[in-house]
Amino acid sequence: MEAAFGIGARFCVRSFPVGTVKHVCMSTCKGQSARAFGILNRATSHAKIFVRQMGGRGSPLVRDTIIFSSDRTQLFRLMSVTAVSQCVFWVFVATFALDYGKEDTDEGQSAPLSTLALRYGFFTGALAVAGAMIALGAFIPSRYVHTLTALENGKAVRLGTYRIIGTRELELPLQGLKFSQSASKSSSEGTSPSYTIAAPGYSGFFFLDGTHGSVVNPRIFNWVARQGL
């Protein structure tokens with residue numbers, strides 16, 4: 001047995017000199033180190049891309065998430081019907097005003113100046129009221145938020161608001177929004193606080209009604225609100 005072992009050892013030494021063994025070991029280590037560094041570099045690159053996509057703010061989002069919801073469809077439907085009916089009524093009043101005083105004017109004679117002033121003044125006022133009714137009926141629902149969704153990339157939110165007919169959705173960059181908390185209701189009363197959201201490019205503000213709405217995901221909602229406070 002010892003003789004066989006000695007013969008095998010001498011064969012290995014002759015077949016694989018010490019220098020060759022060292023070279024093979026060093027080459028193997030270098031190859032494994034290069035592969036390890038390559039994997040580490042790729043992982044670092046993916047991590048940088050992920051952080052850049054998340055906005056560099058430690059976004060907790062992994063998908064589009066609804067964070068606030070408030071259903072006031074019936075109220076704004078009633079408001080829209082009222083606005084349209086008032087607009088039609090005042091337009092009818094404006095057309096009626098054009099005929100005011102014509103019966104008292106003889107044929108071929110012009111109406112007195114006071115009658116013309118009253119006629120066209122009432123006509124203009126009625127049209128102004130009609131325009132104001134339809135403008136209020138369109139503007140107020142468009143600033144009431146029924147759903148607030150945080151988008152997956154962590155850089156924008158989607159606001160769902162009402163229109164005079166139906167609803168609409170707006171995607172706004174999170175960086176430009178300014179959240180302001182209303183102090184009208186406290187959380188101790190069992191309702192969520194109300195917020196106003198100012199967005200660049202839009203007049204007025206968007207309103208999150210905590211009295212009739214609810215925060216669906218408090219953790220993500222607080223994260224989104226902190227970005228704009």
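1. Q181 has Y195, in β6, as its bridge partner. Helices (H or I, at least four residues) and strands (E, at least two) are DSSP runs, numbered from the N terminus. The pairing of β5 with β6 is antiparallel and runs over four bridges; two strands count as paired if DSSP finds at least two bridges between them.

2. On the basis of the note: this is a predicted model, in which local features need pLDDT of at least 70 and side-chain atom pairs count only at pLDDT 80 or more, while totals for chains, interfaces and linings use all residues. Residues are numbered from 1 along each chain as its sequence is written, and side-chain values use heavy atoms, with hydrogens and water left out.

3. On its other pairing, β6 is joined to β7 by three bridges, again antiparallel. Y195 has L208 of β7 as its bridge partner, and T196 has F207 of β7. Buried here means under 20% relative accessible area, exposed over 50%, and partly exposed in between (1.4 Å probe, protein chains only).

4. These strands make up an open three-stranded sheet, ordered β5-β6-β7, with antiparallel pairing. β5 (178-181) and β7 are the edge strands; each has a single partner, so one side of each lacks a neighbour in the sheet. On average, neighbouring strands of this sheet are turned by 25° against each other, direction ignored. Axes are lines fitted to C-alpha atoms, for helices over the stretch in contact, and angles run from 0 to 180 degrees between N-to-C directions.

5. Which strands form the other open sheet, and in what order? Five strands do, in the order β4-β3-β2-β1-β8, and the pairing is antiparallel. β4 and β8 are at the edges with a single partner strand each, so one side of each is left without a neighbour in the sheet.

6. Within that sheet, β1 and β2 run antiparallel and are joined by four bridges. I66 has T149 of β2 as its bridge partner, and F68 stands opposite L148 of β2. β1 also pairs with β8 (residues 214-215), in the antiparallel sense and over two bridges; there S69 stands opposite S214.

7. The largest nonpolar core holds 22 residues, of which L148, L177, F206, L208 and V224 touch the most other members. A nonpolar core is a set of buried Ala, Val, Leu, Ile, Met, Phe, Trp, Tyr and Cys residues joined through side-chain atoms within 4.5 Å. Two or more residues each come from β1 (65-69), β2 (145-150), β3 (156-162), β4 (167-173), β6 (195-198), β7 (206-208) and α5 (218-228). The largest share, five residues, is that of α5.

8. V224 contacts I67, A150, V157, L174 and F179, leaving aside neighbours within four places in sequence. Contact means heavy atoms within 4.5 Å.

9. Helix α3 (residues 73-98) has 26 residues and spans 38 Å from its first C-alpha to its last, close to the 38 Å expected at 1.5 Å a residue. The expected span is 1.5 Å times one less than the number of residues. Its buried residues are F76, S80, A83, C87, V93, A94 and A97.

10. Is S80 buried or exposed? S80 counts as buried because its relative accessibility is 6%. S80 touches R163 and I164, neighbours within four places in sequence left aside.

11. M133 belongs to helix α4 (residues 113-142). M133 counts as partly exposed because its relative accessibility is 26%. Not counting residues up to four places away in sequence, M133 touches A83, Q86 and C87. M133 and C87 are 46 residues apart in sequence, with a C-alpha to C-alpha distance of 5.9 Å.

12. Overall, the protein chain has five helices and eight strands, in the order α-α-β-α-α-β-β-β-β-β-β-β-α from the N terminus. Of its 229 residues, 27% are buried. Among contacts between residues at least 6 apart in sequence, 58% join residues at least 24 apart. The accessible surface is about 15100 Å², of which 63% belongs to carbon and sulfur atoms; accessible areas come from the Shrake-Rupley method with a 1.4 Å probe, and for residues only the protein chains shown count as cover.
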